[in-house]
Amino acid sequence: MAQGTVQVTHTGTSRWRRRTGEYASLAAALEAASDGDVLTVAPGTYRENLVVQRAVTLRGPEGSPGSVRIAPVDGVPLTVRASAVVQDLHVEGQDASAPAVLVEEGTPELTDLRIMTRSSAGIEVRAEARPTVRRCTVDNPAGVGIAVVDGGGGVFEDCEVVAAGQSGVAVRGGARPRLERCRVHHTSGAGLSVTGDNSSLEGFGCEVYEVKGSGVQVTGRGTAYLTDCDVHRTTADGVTLDTDAVLTLADCRIHDVPENAVDLRSRAVLTLTRTTVRQFGRNGLSVWDPGTRVDANQCEIFDSTGDYPAVWISDGATVVLESCRVHDVPDALFVLDRGSRADVVDSDLAQVRNTAVSVSDGATAQLDDCRIKDAATGAWFRDHGSGGTLSGCTVDGVQTGVIVTKGADPTVERCTITSPAEAGFYVSAGGRGSFHNCRVTDSGGYGFHVIDGCRTTLRKCRTERCARGGYEFADGGPDAAGGGGALVEDCTSDESTSLRPPVREAAVQTVPAPAAGLLGSIPGQRTTEQEGLVAVPEPAAPARSPEAVLGELDALVGLESVKREVRALTDMIEVGRRRREAGLKAASVRRHLVFTGSPGTGKTTVARLYGEILHSLGVLEKGHLVEVSRVDLVGEHIGSTAIRTQEAFDRARGGVLFIDEAYALSPEDSGRDFGREAIDTLVKLMEDHREAVVVIVAGYTAEMERFLTVNPGVASRFSRTITFGDYGPEELLRIVEQQAEEQEYRLAEGASEALLKYFAAIPKGPAFGNGRTARQTFEAMVERHAGRVAQFTAPSTDDLTLLYPDDLPELPGA
């Protein structure tokens, strides 16, 4: 029963409308009211489930905020299905399976509501509803603060989520809300969460803080646009983007984050404009995976509190920095892995304790008109395949300006290095590099120091006032025989009008002075996700028996036809070996293979095991796997492709050369592409050294069929094609079960069946990752499990280990 009455004010002029009156319950008043009527609710507690289906005004008494409590025992306390006005109410819900306020239709206005609840959501907006929500507060320690789902939308102005047991604001199912001047804090999940196709969130002047998770999380092709927003004091990453997410940040501030300020993966795209990132414990920008991209303009990244690079780019990602500043950090910009790329234009990198720009593992960096100041090392191109261009840059106040080592091959042009404590340019350990129109002044060591007979090119370079000399070539100079040493043209020094041929001597290696030494390892990023970039040699493990390796192959989920093919091939090789030992003729077995199939079907794993099997049979000397792709084999100019292909083949001697996406060597519209040169070189090497290396080419089935027709010698070298089929639902379930067992989780009753249905329904398009999809599903279940169990005061062992059907993520595109 209500503890007060409801005053209905008649506002219409029709004589058929009910007269003004008082009603003993809200339900009766709502039933009696018509569009345009005003329902003034007397102070009291109403244990009713209200459903507003007409365009009325429902409000508490003026001057008594919070005096009207809508608090039913269960169900939804307030449901709005019309363009009504609801204001000055206190809403309490107790049903964990239902929202406290549910907006299903119309364009209602909700103003000055205080929602204190333990519901699935404080406010939930669905379907075609487009409410305007002003000055409302949500306190919901059991669920989501504000949920906008299934195509819902609306505007939320000056609202506050003061507590949430899950996400503060959750947007999914194609919903598109707008937040203005809202505050979200003290949540146990993400502050703002957007997921799913066509789901989008706009935020203006909002603040997200004190979050036990990521401040902003956008996944599954969701989109968000934030302007003039603050994200700070999170326990996880400040911003997390995954799986084709798109986020635009303009004039925003991300700070006081113990992990990554921003973490992007799986083809996510981030655009930053006039945004500051500071006081982060790991990376300011952490960017992973092919197709993942960051475009930053007029941004500032500074004041790191940890020991990690400010900008980390790996696994084929791309970052563009234009007119940006990165300063007061351990390392500024690290680019790793083939396909990874950084483009930096008109930017400043300063007050860097170690390396301003580091490029390794086949990555590329291009810096144009940039300024590097006060760093231990200006730029370091570390190893084979790593390169790029420094153009029109200045480097000042460093230990060493530019370092090139281990086969790296950058182009440096029109750059000036001023006052390096050691060398201006230092090239060693097989480094290359081309230096054009570069200048070094006031060096504490040499201007250009090239050792180990490195094949470096210097053209029209100039040195002035270098303490140890302008140029030093140790172990081979400009006149070194046999093609070794530097090529020097039209270079000058203030010591003379032109560069004199250096006296060959055993030079002392000059090095910059970071704590780990010149060739020390790169700072780690994730102890569980990456290895050090400068590997420490380990003693070779003893070879396993063929039976042990085949046992590991048999333990792989699915791939039955692949296992039969590999066993048949292994049996042929083994029997041939025994026939030769018996003095009999043995059939020639071509060991080179073609692997076809979708990503994530285990091609690389099987290639590794195949090499180990051949090693255990004595066919290969080492059995190791060298994995390459087009970028490792194809050069930028005539002649360089053959050299790269030869080097990759030499690294694989005694083992397996695995060429992933081999069809990229012969694009359909090849023009003057150098990929054909790589194929021709490879075919000749396979013929000349047929016993030294096993070559496996891999890729999509149709593309690989085209690849095999490009060169007449290619198909004859690969006599056996093994097709890797997509995993079925049962096999994907087995992968999840294996993951669960390894991580000490268990599937609760019904979870296996739910997983089977999930994997049967999941889209199998080009983005389907097979085994990777299964592993990502398990990781998502563990994350949802953690969000649920973290709320338990004293969880049992079953609570901590059991994964339930409800822990499954939403289907992609659902």
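A crossing of two helices is called left-handed if the near helix is turned anticlockwise from the far one by less than a right angle, and right-handed if clockwise. In this predicted model, local features need pLDDT of at least 70 and side-chain atom pairs count only at pLDDT 80 or more, while totals for chains, interfaces and linings use all residues. Residues are numbered from 1 along each chain as its sequence is written, and side-chain values use heavy atoms, with hydrogens and water left out.

Helix H10 covers residues 729-742 and helix H12 residues 771-789, helices being DSSP runs of H or I with at least four residues, numbered from the N terminus. The two pack at an angle of about 50° with their axes 9 Å apart, where axes are lines fitted to C-alpha atoms over the stretch in contact and angles run from 0 to 180 degrees between N-to-C directions. H10 and H12 are therefore oblique to each other (under 35 degrees is roughly parallel, over 145 roughly antiparallel, 65 to 115 roughly perpendicular, the rest oblique), and H10 passes H12 in a right-handed crossing. In the contact (heavy atoms within 4.5 Å), Leu732, Ile735, Val736, Gln739 and Ala740 of H10 meet Gly771, Ala774, Arg775 and Phe778 of H12.

Helix H11, residues 751-761, also packs on H12, at an angle of about 130° and with the axes 12 Å apart. That angle makes H11 oblique to H12, and the crossing of H11 past H12 is right-handed. Here Leu755, Tyr758 and Phe759 from H11 meet Ala774, Thr777 and Met781 from H12.
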